[in-house]
Amino acid sequence: MTYQSSLLRLLEERGYIHQLTDAEGLDALASKQVVPGYIGFDATAPSLHVGSLVQIMLLRRLQQAGHKPIVLMGGGTTKVGDPSGKDESRKLLTTETIAANIASIRRVFERFLTFGDGPSDAIMVNNDDWLGQLGYVDLLREVGPHFTINRMMTFDSVKLRLEREQPLTFLEFNYMILQAYDFRELALHQGCRLQMGGSDQWGNIVNGIELSRRMNGIEVFGVTTPLLTTADGAKMGKTAAGAVWLNEDALPGYDFWQYWRNTDDRDVGKFLRLFTDLPLEEIARLEALPGAEINQAKIVLANEVTRLCRGDEAAKAAEATAAATFAGGGVGEDLPELSLPAEGLGLIDAIVGIGFAASRGEAKRLIAGGGARVDGESITDESHHITGGSEVRISAGKKKHGVLRPA
């Protein structure tokens, strides 16, 4: 259908829409008033990773279209654990750890959204403020009758875990009830009319819509984004070295920039639409660059995403480091560093210490496979000792570079 609202037109042309619960109803609502919309984020770590970035950008698009983003931090639901897409139960965190994680995560949202008291200014809320006040029996009596075990068993978050014969605790089984209650609570007290999320959240979103209608007669809507994978089928935000964290203190700026610079040619256009504010005409030009020129589009992508997430200076520093490292044969200023003792350091210890391998075994395999280089020279001897006293460049494969600096 042809959308009338700037919100749904923006989401469609940039590739965010996978499912809509009532396209015509949401389109009409967004055409005539400011629509508060929310996405929930659990606080299981001090930083979100790149896998959450499409949802953060979705809130940014909501605000760009003149509507109100609500960032829901799952201080309460983090205590339970979302079973969606998980093969095992999460480790339960303390209240203090969850609070510290939320404070750390907020810093990233402040780069993407404008917070304040205006009609379209973003707000951040914590569902522990209401979930923590619910008495268990009261919750069962008030909300429980609106859910059936039969229906809950049909949702992928439950069904897949059972099909894989992985344990699903009763605690996790209640997660979808609590998320539905969140939508109702935000609809009642924040005027929220829209919940957005990844495609794995469809069942949870539908539950919230039905609960709001049954208990309070409130009409609310849902939008999901496509499951985002890279062209080679890998899950977004994961690499061989681990998660690509959004916070500066969780992942160096150069590593973050380089993740985007290494984007598959086939993904450049999609990622430019989803993760940057560049005009669509410019994106069309960049993704059509022939042959090796597509690398220029990847540099633009890396710069734009890093600028949004880390700031202008971080983007400039990372690009300068890449230029020095790859074009000029230097070491750059923004590469990951490791202190080099006067007595030197074993190659295996250097590879693990700088973060190019998660274990000594992984480092040994890297060396045996010819992927380790010291000052540009391939080293296949795992007992190789790097001499101290001067700066040394160390590389793992073609894309990971670091510096050992004298202590």
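The model is predicted, so local features need pLDDT of at least 70 and side-chain atom pairs count only at pLDDT 80 or more, while totals for chains, interfaces and linings use all residues. Residues are numbered from 1 along each chain as its sequence is written, and side-chain values use heavy atoms, with hydrogens and water left out.

**Sheet arrangement**

- Strands are DSSP runs of E with at least two residues, numbered from the N terminus.
- An open sheet of five strands has the order β9-β15-β14-β11-β12, with mixed pairing.
- At the edges of this sheet are β9 (337-340) and β12 (377-378), each of which pairs on one side only.
- Two strands count as paired if DSSP finds at least two bridges between them.

**Partners of β14**

- Strand β14 pairs with strand β11 (residues 372-374) in the antiparallel sense, over three bridges.
- Within this part of the sheet, I394 of β14 stands opposite V374.
- Strand β15 (residues 400-406) also runs antiparallel to β14, and five bridges join the two.
- The bridge partner of A396 in β15 is K400.

**Burial of β14**

- Buried denotes under 20% relative accessible area, exposed over 50%, and partly exposed in between, with a 1.4 Å probe and protein chains only.
- Because five of the five residues of β14 are buried, the strand is largely enclosed by the rest of the structure.
- V392, I394 and A396 cover one side of β14 as buried residues, and R393 and S395 are buried on the other.

**R393**

- R393 lies in strand β14, which spans residues 392-396.
- The relative accessibility of R393 is 15%, and R393 therefore counts as buried.
- A polar contact of 3.4 Å links the side chains of R393 and H401.
- Such a contact is a pair of N or O atoms within 3.5 Å; within protein, one must be able to donate a hydrogen and the other to accept it, and residues adjacent in sequence count only if both atoms are side-chain atoms.

**Cysteines**

- A disulfide is a pair of cysteine sulfur atoms within 2.5 Å, and by this rule the count is zero.
- C192 is buried at a relative accessible area of 0%, and C309 is buried at 1%.

Methods
Helices (H or I, at least four residues) and strands (E, at least two) are DSSP runs, numbered from the N terminus.
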